[in-house]
Amino acid sequence: MEYKGYEIEETKNAIIIRKVKDFNPVHTFECGQCFRWKREKDGSYTGVVRGRAVNVEFHGDKEEAGALVIKNGSIDDFINIWYDYFDLGRDYGAIKQSLMKDNIMREAVKFGYGIRLLKQDIWETLISFILSANNRIPMIMRAVEKLSEAYGEEIKLDGVSYYSFPSVDKLAASNCEELDVCKGGFRCKYILSTSQMIRDGDVRLERLETMSRDKARNELMRLPGVGPKVADCVLLYSGTKYDVFPTDVWVKRVMEELYFKREASFKEIWNFADENFGDMAGFAQQYLFYYARENKIGAKENSLG
DNA sequence: TTGCAGGGGTCAA
DNA sequence: TTGACCCCTGCA
């Protein structure tokens, strides 16, 4: 069948989506936006999204449209979940064109040509990025997995058990000691208080979309464990706001090294992003961050005095 | 082998 | 503006 420009074929246990452009699973799953997609030995990725465990692979050459294969996916799920989740309604070719205004962005976009911003569940993104504070990716992935194992629902795929991300109520009803099965350490108290504030309606995640960017950001920052960096990540990776520019130490060092040629404050960097990338600041950040991290640009040895 | 710094930030003083 | 923070890894 055909759906919004894509050709979809349903097989026994998978769906094949053809004519998918601007996608590379390595770029998309390893650009730092998500923590629940695991690379398998055969190069495919297995992940848990909205209570479903699926395996994804992509067949296609660089720059060309290719076929996205979702094992354990159905056409209904494609229409209700995957089309949106993989942001397949957006023209990334046009975004990349408009971002490639200078040599730095040209390099970054060329390098991460297959990045797509996933529209992830905002609640899961919130907790995941609270866990990311002063932490490393493998540990964040493990923590999210442990939380899901302890508080989520079991899902079987090919005889292997996976676990959905826990509900607000489940985490809010827990306590710091039990939450520490994820080894989140000092972050566990933030997770507990944040969960309770969300449960009690102190902060309403579903309302953020209708607010201005800055208001949504400030609203998120009322939650314990959420500062500017985490707030921007939550807004961007849930597809709530795209004109944010999450700035962590890597992005900061990259911006200083490549653009400013000197030390710069967070405010300066955000202003620069507003002026130069505008509505597309979030996409720009993602290409830059992936490019910098994979090429060790902004690594400490190279940093400015 | 043991020890120590430091990590995709946030909070509190 | 600055240090502490849980846990873990990498590197002397």
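In the predicted model, Lys252 lies over the face of Phe266, 5.5 Å from the ring centre.

Contacts between aromatic rings were examined next. A pair of aromatic rings is described by the distance of the centres and the angle of the planes. The count comes to 29 aromatic pairs. One of them joins Phe35 and Phe129. The centres of these two rings are 5.0 Å apart, the planes are at 55°, and the pair is tilted. This pair links distant parts of the chain. Phe35 belongs to the loop between α1 (25-29) and β4 (37-39). Phe129 belongs to helix α5 (residues 122-131), and 94 residues separate the two. Phe35 has a relative accessible area of 7%, so Phe35 is buried. Phe129 is also buried, because its relative accessible area is 4%.

The rings of Phe186 and Tyr190 form another pair. Their centres lie 6.4 Å apart and their planes stand at 85°, so this pair is edge-to-face. Phe186 has 40% relative accessibility and therefore counts as partly exposed. Tyr190 is partly exposed as well, because its relative accessibility is 28%. One aromatic cluster is formed by Phe23, Phe29, Trp37, Tyr45, Phe58, Trp82, Tyr85 and Phe86.

Seven strands build an open sheet with antiparallel pairing. Their order is β1-β2-β3-β7-β6-β5-β4. At the edges stand β1 (2-3) and β4. Each has a single partner strand, so one side of each is left without a neighbour in the sheet.

Strand β2 (residues 6-10) pairs with β3 over four bridges, in the antiparallel sense. In this pairing, Ile8 stands opposite Ile17 of β3. Ala14 also has its place in strand β3. Ala14 counts as buried because its relative accessibility is 5%. Ala14 and Ile140 are 126 residues apart along the chain, and their C-alpha atoms are separated by 29 Å.

In the sheet order, β7 stands between β3 and β6. Strand β7 (residues 66-71) is mostly covered, with five of its six residues buried. On one side, β7 pairs with strand β3 (residues 14-20) in the antiparallel sense over five bridges. Val20 has Gly66 of β7 as its bridge partner. Strand β6 (residues 52-59) likewise pairs with β7 in the antiparallel sense, over five bridges. For Val56, the bridge partner in β7 is Ile70.

The hairpin of β6 and β7 has six residues between the strands. Within this hairpin, Glu63 takes a positive phi near 70°. Ala65 has its place in the loop between β6 and β7. At 45% relative accessibility, Ala65 is therefore classed as partly exposed. The C-alpha atoms of Ala65 and Lys21 are separated by 4.3 Å, although the two residues are 44 residues apart along the chain.

The surface near DNA strand C was then considered. DNA strand C is surrounded by Asn134, Met139, Arg142, Asp180, Lys183, Gly184, Gly185, Phe186, Arg187 and Lys189. These residues divide into two nonpolar, three polar and five charged. Of the atoms of DNA strand C within 4 Å of the protein, 63% belong to sugar or phosphate. The rest belong to bases.

A polar side-chain atom of Asn134 lies 3.4 Å from a base nitrogen of DNA strand C. An N or O atom in the side chain of Arg187 is 2.9 Å from a base oxygen of DNA strand C. Phe186 makes its contact through a polar backbone atom, 3.2 Å from a sugar or linking oxygen of DNA strand C.

Definitions and conventions:
Residues are numbered from 1 along each chain as its sequence is written. Chains are lettered from A and ligands numbered from 1 in the order in which they are written. This is a predicted model: local features need pLDDT of at least 70, side-chain atom pairs count only at pLDDT 80 or more; totals for chains, interfaces and linings use all residues. Side-chain values use heavy atoms; hydrogens and water are left out. A residue is near a molecule or strand if one of its heavy atoms lies within 4 Å of it. A polar contact is a pair of N or O atoms within 3.5 Å; within protein, one must be able to donate a hydrogen and the other to accept it, and residues adjacent in sequence count only if both atoms are side-chain atoms. Ala, Val, Leu, Ile, Met, Phe, Trp, Tyr, Cys and Pro count as nonpolar, Asp, Glu, Lys and Arg as charged, and the others, Gly among them, as polar. Buried means under 20% relative accessible area, exposed over 50%, partly exposed in between (1.4 Å probe, protein chains only). Two strands pair if DSSP finds at least two bridges between them. Rings of Phe, Tyr and Trp (its six-membered ring) pair if their centres lie within 6.5 Å; planes under 30 degrees apart count as stacked, over 60 as edge-to-face and the rest as tilted. A charge sits over a ring if NZ of Lys or CZ of Arg is within 6 Å of the ring centre and within 35 degrees of the ring normal.
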